[in-house]
Amino acid sequence: MSADDGFRHQERLRSAAATARDVLTRSGGCRFEVFTKASVTREVEVAPGEPPRELEVEEMGVAVRTTRGRCAGFAAASGLEADAARRAIDGAIAVERELPFDPLPPSRLLAAAETHSSWRLPPRGWAHHTGEQLAKAVAAISGGRLRLRRCLFQEGTFSWLLQTGEGFVATYDGAACSLLTEVQPAEGRGGVWREWHHVADPGGLDSAVVGRRIADRALLVQGRIATGSGLVSLILAPEVAARLLTALSPLFVVWSDRRDPLAKLLDSSGRLAAAALTLLDDRLDPQAPITGPCDGEGLPAARTLLVERGIPRHRLASYRDALALGEPPRGGALRLSYRDYPSTGIANLRVSTEHGSPPAELLRAAGTTLYLLRPLAPVLVDFAEASYRIVASGVWLDDGRVRGWHPVVELRGSLARLLGRIEAVGTDLAWFQADRGVVGAPSLLIASQPVVGQ
Amino acid sequence: MTGPSAAEPPFDPGWLDTLTDACRSLTAATPRLHDLYLERRLELKVSTLAGSAHAEESRTDGAAARWRYPSRTAFHARTGTSPPALEDLLSRHARRTALPRARPPALVEIERPPEWRDWAQATLGRARRGHCTVRYLARRAVVVGPERWTAVSCPPLVRVELDGESPSALLAVWRHPELESWLSELAAPPPARRWRPEPGLKVPVLLRSGTAGVLVHELIGHLTESDLVLSGDSPLAGLAGAAVTAVAIDIADDPCRDDLPGAFSCDDEGVPAAPLPLVRAGRLVGWLCDRAGAHGLDAPAGRGRRASWARPPVARLSNLIVAPGTADPEDLQRGLREGLLVTRIGGATVDPLSGRIVLRVERGWELRQGRRRRPLEPFELTGGARDVLAHVEPTVGRDESPDWRLGWCVKDGVPLPTGSAAPTLLVHNLEVL
């Protein structure tokens, strides 16, 4: 993002917030918070043989939270003009309802952490060029067996401003880039291999490296079919591991005691998973997709330790949910857009790879291994039954050498036992989109996994 | 009941006439303006929080222009529908924009329904278990083309989501006469002592209470969408005119059914709504096309739908209707020695490339000798698309009923409201997953 863009947006955001603040201050008798945001998203779809398609969306708006006596309201309106601020205020006042507590955090909790947003949007034409390079790389690396069906580049810049009636102000200018690729066999009607990549630095994107990663994995599933059974090592590739963590993510936010599923999953020593697993919600990592100086309501951005060497430590909560459920507020609120109320959620849930091993080492050490590469359905976790189900495709390996492809593997069983057998984590951490927030996962090695079937 | 028949534009008609005149010159230039889309939305939300109700309101408006260059297409959208906002939007691709300088008359807000607050509160009260969210969604839009502008009107919708041990949801047209009874069904706790059929089991499945509409939504609705057909990804591609299911089956996509959530007066490319037969007497006779798909398949357009002003239109279904037959659904049930009766489906997907469908059954019964034996636990049914279609029993129930459970349909990550109505259908070769 260029500094000029950020400056241009920030001026307009300040002006919209100032209008809202003036109206709310004049109306008197209420605490309030104003959030303004502007974003520009550019999507370029490159499909060999097709004309490129470009999409550009500029979105901006104002959101207002008010508390008046025992009543609280929230409303959002699009635009940054004075009219937008007034519509948001009118809406918030119109929907105010009684709450047993004030959901706006007190000033003493608000602060901005130091963060860095380092890169600019790539120039126009970069996506076309990179897409063409990627198509050539996939074809060359696969020896003509694969072709790039399409790739979709998503680049965006955004700026936001958070201001409270008591004078706290936080601002941020950021940027994000991702790449979706679809690869399929060059001949015949074959399955499409789809991958999503978070691009932390577009300037450093090497299309040959990305092409090799895509082609290597897509080629693995073109081989002969193999089966196996018994107690084997199981390796979840980052995408499959990320789906598992996404399914587990409700464990890391606050629940009312009555519904809390975590207790059922802990062993007698309070352990959720093997010591190899440490999980964080990291809002300070400049390489992670969601960054900023504070959470969605002004509490300083933090690195929250969720699971330390297998033992649950802290849980995320917005200020409102922390009050309602008796948890200390730790800055766990997330705003997905200006239209959304700041609610509890993971931002960057990631596995600590501090003590991880390179994936090649995991593969070599694992003996007979089922290596799950591609999820075929969301990983299902039944907290009431403490069970899980993973449906994925993968390959069988003997001491690191590929024996064949297993097109559909369905694994079910005890969630506690699965998590308890995590023996090692890889260093190949990659980010994936979750329902809310993102998940960063490396390969996970699970020991002694029973596999039954043909 | 509110319906899409009265297509009220969200802006003053006189100003829209002037805007159409101003845009006309851009449709003859390079790049060529394909269309201009303007939209306003209101979303109201109430949810339970610590024994109280938490309420939100969101008002958005925005516009999108589609452009054709000799070697590429471009879609550009931005917040706002004021003359300066539109001028800014058009100036991104056009050298000269001559929009009317006169401001349109004051914007008419989409009104909150007067009874919304009390109704939402009462609905939260009915959902005794778990966390409940109630939403009201209203949208008005207009498509400005080279010849004229067209108002797009849709019925306002209500969506209720229940979290907890048995999560469930409802999507319906606001003020639908059946809404209260559907809410009662939604809030009813699942029966005790439920039974889960063994994975791999293949038995006849009787789809009642409109659940056959969900099956047809996936098998016929999505697989006749022109983008999937043109790319060759749909297993139905190339089968125009072929017999794909039982001869007694007629299926149409009908956006004029304003009692169902997928209704609209015009699609989001300005094509007036009209029912479209897809299957007639078991033969595939139609495709669901946006304008680009219509060009490629030489078929009528009218299903170009936008998830919001910020997304381009894509070919999507509206309300899928299976015509009722003449059989008494009780007779269909009595005739089954062994089988499964499905009364509520909680989710469904189809993978066009593998052609496999997955239905997540939420409620139902095991059938023995035509009688209900044990209630079912949630489980999944699967099958190959063409195989499932080929094994639909030709005897069709006479009891058309809408499915209120699903409808919030997501394709490529983009959600849209859709509807379905279907009679009881018997399918022979679905497999328990």
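1. A salt bridge here is a side-chain nitrogen of Lys or Arg within 4 Å of a carboxyl oxygen of Asp or Glu. A:Glu58 and B:Arg92 make one such pair, with their closest N and O atoms 2.7 Å apart. Please keep in mind that this is a predicted model, in which local features need pLDDT of at least 70 and side-chain atom pairs count only at pLDDT 80 or more, while totals for chains, interfaces and linings use all residues. Residues are numbered from 1 along each chain as its sequence is written, chains are lettered from A and ligands numbered from 1 in the order in which they are written, and side-chain values use heavy atoms, with hydrogens and water left out.

2. Next, the interface as a whole. Contact (heavy atoms within 4.5 Å) brings in 43 residues from chain A and 45 residues from chain B. Together the two chains bury about 3,700 Å², 45% of it on carbon and sulfur atoms; buried area is the accessible area (1.4 Å probe) that two parts lose on being put together, summed over both.

3. Six salt bridges are found across the interface of chain A and chain B. There are also 24 residue pairs in polar contact between these chains, both residues being at pLDDT 80 or more. A polar contact is a pair of N or O atoms within 3.5 Å; within protein, one must be able to donate a hydrogen and the other to accept it, and residues adjacent in sequence count only if both atoms are side-chain atoms.

4. Which elements of chain A supply at least two residues each to the side that touches chain B? They are strand S2 (53-68), strand S3 (71-78), helix H2 (82-94), strand S4 (97-98) and helix H7 (319-325). S2(A) gives the most, with eight residues. Helices (H or I, at least four residues) and strands (E, at least two) are DSSP runs, numbered from the N terminus.

5. Strands pair if DSSP finds at least two bridges between them. Within S3(B), B:Arg78 stands opposite A:Glu58.

6. A:Arg389 and B:Glu380 form a salt bridge through their side chains (2.9 Å, N to O). This pair crosses between chains, from strand S17 (residues 387-398) of chain A to strand S18 (residues 379-384) of chain B. Both A:Arg389 and B:Glu380 are buried, where buried means under 20% relative accessible area, exposed over 50%, and partly exposed in between (1.4 Å probe, protein chains only).

7. Over all chains the structure holds 66 salt bridges. Within chain A, the side chains of A:Glu45 and A:Arg150 meet in one (2.7 Å, N to O). A:Glu45 lies in strand S1 (residues 31-46) and A:Arg150 in strand S5 (residues 146-164) of chain A, so the pair ties together parts that are 105 residues apart in sequence. Both residues, A:Glu45 and A:Arg150, are buried.

8. A:Arg412 and A:Glu410 also meet in a salt bridge (2.7 Å, N to O).
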